[in-house]
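Hi there,

I'm handing over the structure we talked about, and it is pasted just below.

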Amino acid sequence: MLKSDFVLLIVDDEPQIREVLTQYFELSDYAVESASGGREALDIVRKKKINFIISDVRMPDGDGEELLDEVRKLHPDLPIIVMVTGFAEISKAEAIKRGALDLLVKPININFLEDLVEDEFQRASQSEGSTKI
Amino acid sequence: MFNVATVITTIFAYVVGLFAIAYFTERRDDKGFKLINSPLIYSLSLAVYCTSWTFYGSVGSASKSGLIFITIYLGPMISMTLWWSVLRKLVRIKQRLRITSIVDFISARYDKSEGVGVIAACLVTAGTMPYVALQLKAIVKTMSVMVSDVGQADTEILGSSTGLFVVGLMTLCTLFFGVRKLDSSERHPGMILVLAVECIVKLVAFLCVGFFVTYSLNNGFDNLISKMPEVMDDAYSFVGIRDLKDVLTWMTYLILASSAILFLPRQFHVAVVENSQEKHIKTAKWLFPLYLILINLFVLPITISGKLAGLDASLADTFVLLLPITQGQTALSMLTFIGGFSAAMGMIMIATVSVATIITNHILIPLFTRVDSLKFLTKHLIKLRWLVASLFIIGSYSYMKIVGGKYALVAMGMVSFAAALQFAPVIIGSLYWKKGSRFGAYSALILGATIWFYTLVIPAFVKSGWMKSSLLNEGLFGSRFLRPEALFGFEGYHHLTNAVLWTMIFNIGGYVLGSILFPQSNSEKRIAKEFVEALPHDEINTVDLEGVEDTIDLSEKKVILEGVLNSYYNDNQVREIISSSLEKFKVDSKEKISLPRLSDLLEEIEKVLAGVIGTAAAHQAISSANLLSKNEKDELSKVYGDIMANMMISPREMNKKIILFQEREKMMEQQTKILENTIQKRELELEEQKAIAFHASKMSSLGEMAGGIAHEINNPLAIIASSIGLMRKMQEKGKMTPEKFNNILDNINATLERVSKIISGLRTVSRRTDEDDFRFITMLDMMTDVLGLCSEKFKNYGIHIDINLEDPLYQIELYCDQVQFSQVLVNLISNSYDAIEMLEEKWVKIRLEQRGNYLILSIEDSGKGIPKEIKEKIFQPFYTSKPIGKGTGLGLSISKKILEKHGGSLEIDNESKNTRFIMTIPFKDRSEEAS
């Protein structure tokens, strides 16, 4: 499996964050989609094949917690990383309980985020290989 | 008729028999031998009144003076029927206070005074000793009659050894029957039984002689009486009443005899001290008068018969014995002798026991306790009493030997009666007159005794030839006015009438005047009340002392008490007394007791001790032992003293009252404590609530702010951090171009500006708020800061803020405290946020208008308005409609105050269908300010 076949979905109401993260992961050869809110993101998940979701929690147009629950119903195995600002939002334990791969507090460590994506990509490649055999 | 040995052997046998009876009954007494406690024994014991003076003397008196002897028995009959209520009261008081003698009774009543006791004791001793001497003489004389030829009776015939034998025997009997035990208030059942037996013996003996004389020697009662004129000179010499003088003489005898039956020390002893049950008095009320009638039944027949038989009138005193002897009636003679011996012995025994107790308790103990070198003697009480009893009998015998057959001895019967009469006013007064005082008792006894001595004893001495007869005939200092037997010109009357009249006038006068002039102390008032009211039962004070604190260390007091009692008892007795007293109050297992309980205990032990050494000495002993420390005394007397003085209540009632008050006080204290606690609790709670409220308001606004700030700052930081990561990535991949580089840097720069705006807003809102800091500032600046803080939050929840910052009105400078004003804005906008957060339609509309010198800022949100009923309240402090934990209710009231301080106002727009707050703020030009 190629990295260009591995599709990331970046969800944040802050355009600058969307833009920076998109550029970053495209430079790492991943395919990147982006959405400004939960509802838009869900539309994309329904229409396209998405391998990994990075989502903000507080967003005017459908928040991240809802997105988490909905995606879990559609694709139980789709890994999701949630980003929070660290106040009055969902806790890490709760997020993982609701199916998130991990919870990162802004400002995020982008290298760590890339490692998580990389790990998932490797796993996806291996499981694809084993199904081929 | 008999030889000496026979007489002595018979006496000896008789006495041994009495010993046996006493020993037997005293042993059986422990097992509740009923006889000992019977009213019969009590009634018979009263007959100790009938001494040898009755047994032999009645006939002698009848022979000489006719019927007047009968007054001696008429008096007691009258008093037994009239005075039984007095006797009952005396018995009650004796039982309660463990009275040991008549002197003890008087001293107990008059403030436990030792002085009164000493005077009374002296009077008793002086009045009793000649009387005992008379009895001794009767024994010796009748013995001589028994052993000599008829009509040749002479005491000399016996020699002094017989006299000593009698003294020795009497002493022995008295010691054995009466002074073996120490607690004299515990009664002497053995002695009383012996006395009762003796009383039966003397009655039987007299009745036998009477029957023999009346029916054997003569032809019956009527026959003898009909022969009376043959032996009597005239009717007058028989009846003895002719004029006022004689009537008064009769009355005098009656008065003396009535008082003697109760107030002679030995009568008091048998009637009061030895009484075991109050109800026995009821029997004695009729049985004793019956006894008196019986023993007098044959007095006249014997007198007449003796005279008819031609016996020498000078021997009339022994007619009773002489008649059977002259008739050769051996057995009857011996029985009669034993009867007379019994009468004498009973009197000697009881009188000696009584006097010995009185002398030791009221003269010796007060003396010994005051003289340190004699103090050790108090430990040998019983031996002291033996000694005193022996000395008293020996003294009486010596008196008899010295005085011999002189007037001073013969007259002593009535003189003794007159001495006893001196006790009547203070005793009857003690029972019926509450005001009788110690000083009254002193005056009564001193005056009475003095007059008694002057009008009766001195004349007796004169008539015996020991004093110049001039005193009698010419009076003291040669003043006829002061002649003893016709005092103050009371001439032509019987010397006894004279004595009774003047002793009673001075005695009663002294008592009443002394009591009125020198009133009672508080403690005496209490005693007086107890005596006058004399309740029937002496109940133990079992008042419930619960609630009174047990503060007194019992073992400490026990040691002191043991020390006190050790002076009078041996170790075993001391332990016994203390432990039984402790048991009585059920405190024997306690370590600490209450003060009132200790007081009870001391009272009890004082009573026990009083049974041995008398009330006054016991009181002295207990009170001088420092059993109560000064503090304890103060505490006790503070309560007792005042209340008792005011209320005149008994210690028992007092005790109840004290407990009641203590309980009440305790209850009140508890109530007060509870109230105080409640108030304190409430205050604390209120304080806590206030603190929590203020803290919460701070925390919640800080928290909200912090949350907002975290959100506001972390997003830009995320952009910056990610941008840096992107640049590095570009560099790695060799995709970095100058154009891209500049682009990213611009982005970072803009983002940093956003952060700095937030920080600036934060600085504004969070600066110190305790001092006013007025300055010129535009609404634009303030609004920018506030929105910088909130916009991110609003944006995140999709709340649209409708504001036109381009409006030139925002450029108008306001003169205000920027921090406080900004806080009002944050507060209002936050309220809007909270109100509409969950609504479908979310917007906030901010508008600025100018009206004259006022700027009107309205903040309207999509909320449905504030219900009418709470519109009134929302500006009140602490009012909140938010869920618990969300708001504190301080916001709107504080905002309103801040605006009012700026000369503006904060209101709700009642017209708007949405929620709309209207702020009115005055403004002025900077130029205006400058000018």
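**What I found**

Helix H18 (residues 319-326) of chain B is mostly covered, with seven of its eight residues buried. Those buried residues are Phe319(B), Val320(B), Leu321(B), Leu322(B), Leu323(B), Pro324(B) and Ile325(B). They pack against several helices of chain B: H3 (52-55), H4 (57-65), H8 (114-147), H10 (189-217), H17 (299-308) and H19. Just after H18(B), Gly328(B) takes a positive phi of about 70 degrees.

Before going further, please keep in mind that this is a predicted model. For chain A, the average pLDDT is 87, and 95% of the residues score at least 70. Among the elements of chain A, strand E1 (residues 7-11) has the highest mean pLDDT, at 95, while helix H5 (residues 110-132) has the lowest, at 84.

Now to the nonpolar cores. The largest one has 200 residues, and helix H19 (residues 330-370) of chain B gives the most to this core, with 22 residues. The residues with the most contacts inside it are Ile106(B), Val209(B), Leu256(B), Phe263(B), Ala418(B), Leu445(B) and Leu609(B). What does Phe263(B) touch, not counting residues up to four places away in sequence? Its partners are Ile102(B), Phe268(B), Ala420(B), Leu421(B), Phe423(B), Ala424(B) and Ile427(B). A second, separate core has 40 residues, including Ile10(A), Ile80(A), Met83(A) and Ile110(A). As a general point, nonpolar side chains tend to be buried together in soluble globular proteins.

Helix H6 (residues 84-97) of chain B may also interest you. Its 14 residues reach 20 Å from the first C-alpha to the last, close to the 20 Å expected at 1.5 Å a residue. The buried residues of H6(B) include Leu87(B), Leu90(B), Val91(B), Ile93(B) and Leu97(B), and also on that list are Lys89(B), Arg92(B) and Lys94(B). Just after H6(B), Arg98(B) takes a positive phi of about 55 degrees.

Finally, the contact between the chains takes 25 residues from chain B and 21 residues from chain A. On the side of chain B that touches chain A, helices H33 (651-733), H34 (738-766) and H35 (779-796) of chain B each supply at least two residues. H33(B) gives the most to that side, with 18 residues. By type, the residues on that side of chain B divide into 10 nonpolar, 11 polar and four charged.

Happy to talk any of this through.

Best wishes

Key
Residues are numbered from 1 along each chain as its sequence is written. Chains are lettered from A and ligands numbered from 1 in the order in which they are written. This is a predicted model: local features need pLDDT of at least 70, side-chain atom pairs count only at pLDDT 80 or more; totals for chains, interfaces and linings use all residues. Two residues are in contact if their C-beta atoms, placed from the backbone, lie within 7 Å. Helices (H or I, at least four residues) and strands (E, at least two) are DSSP runs, numbered from the N terminus. Ala, Val, Leu, Ile, Met, Phe, Trp, Tyr, Cys and Pro count as nonpolar, Asp, Glu, Lys and Arg as charged, and the others, Gly among them, as polar. pLDDT is the predictor's confidence in each residue, from 0 to 100. A nonpolar core is a set of buried Ala, Val, Leu, Ile, Met, Phe, Trp, Tyr and Cys residues joined through C-beta atoms within 7 Å. A residue is buried if 20 or more other C-beta atoms lie within 10 Å of its own, exposed if 12 or fewer, and partly exposed in between; C-beta atoms are placed from the backbone. The expected span of a helix is 1.5 Å times one less than its number of residues.
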